[in-house]
Amino acid sequence: MLCKFDEKNNRWDGIEPHIYKENPGVFLDVTKQILFDGAADLSVQFRYFQVEQGGFSSLEHHEHMHVVMIFKGKGHALLGNQVHEVKAGDFLTIAPWQWHQFRADAGDILGFLCLVNKDRDIPVYPTEEELAEMKKDPAVEKFLEGTLPD
Ligand code: MN
């Protein structure tokens, strides 16, 4: 099966983008397209998330892992307590219970492909205490407050 990519609209033929309700506390301006929704012999989901300029994915952690490839644009990713610049082509492995968030905070969209087990636990968001602990690192604080320079 082939699913053609429409480069102009960043959409795959026949796949409806799911538009998340805006919720600045959790995520902002993020859409998801599910490219592969699992099969008997491959119980994974392969998704494309697009964060519009200025938007961000949820800050979360969970037992299940992600492998991620940045597909379009650039921005920053928080992995554990490290902030990284990311751009198209970069590949990330997100370990169990590692905090993670993606931000399109570099004057561009940030689109990434994400592979995940179909059977997985529900993401957990940080408590106020955990958030305060993370923000003790100035780079992480800037990232979380969306004030990193482009
Ligand atoms: Mn996640």
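**Salt bridges and a metal site**

A: In this predicted model, a salt bridge joins the side chains of Lys118 and Asp37 at 3.0 Å, N to O. The term means a side-chain nitrogen of Lys or Arg within 4 Å of a carboxyl oxygen of Asp or Glu.

Q: Which parts does that pair tie together?

A: Lys118 lies in the loop between strand S10 (110–117) and helix H1 (128–134), and Asp37 in the loop between strand S4 (28–36) and strand S5 (44–56), so the pair ties together parts that are 81 residues apart in sequence. Helices (H or I, at least four residues) and strands (E, at least two) are DSSP runs, numbered from the N terminus.

Q: How many salt bridges does the structure hold?

A: The structure holds five. One of them pairs Glu145 with Lys135 at 3.7 Å, N to O.

Q: New topic: which residues coordinate the manganese ion?

A: Glu60 (OE), His62 (NE2), His66 (NE2) and His100 (NE2) coordinate the manganese ion at 1.9 to 2.2 Å. Donors are N, O and S atoms within 2.8 Å of the metal (3.2 Å for Na, K and Ca); water is not among the atoms, so sites may look incomplete.

Q: Are His66 and His100 buried or exposed?

A: Both His66 and His100 are buried. Buried means under 20% relative accessible area, exposed over 50%, and partly exposed in between (1.4 Å probe, protein chains only).

Q: How should I read the numbers?

A: Residues are numbered from 1 along each chain as its sequence is written. Local features need pLDDT of at least 70, side-chain atom pairs count only at pLDDT 80 or more, and totals for chains, interfaces and linings use all residues, while side-chain values use heavy atoms, leaving out hydrogens and water.
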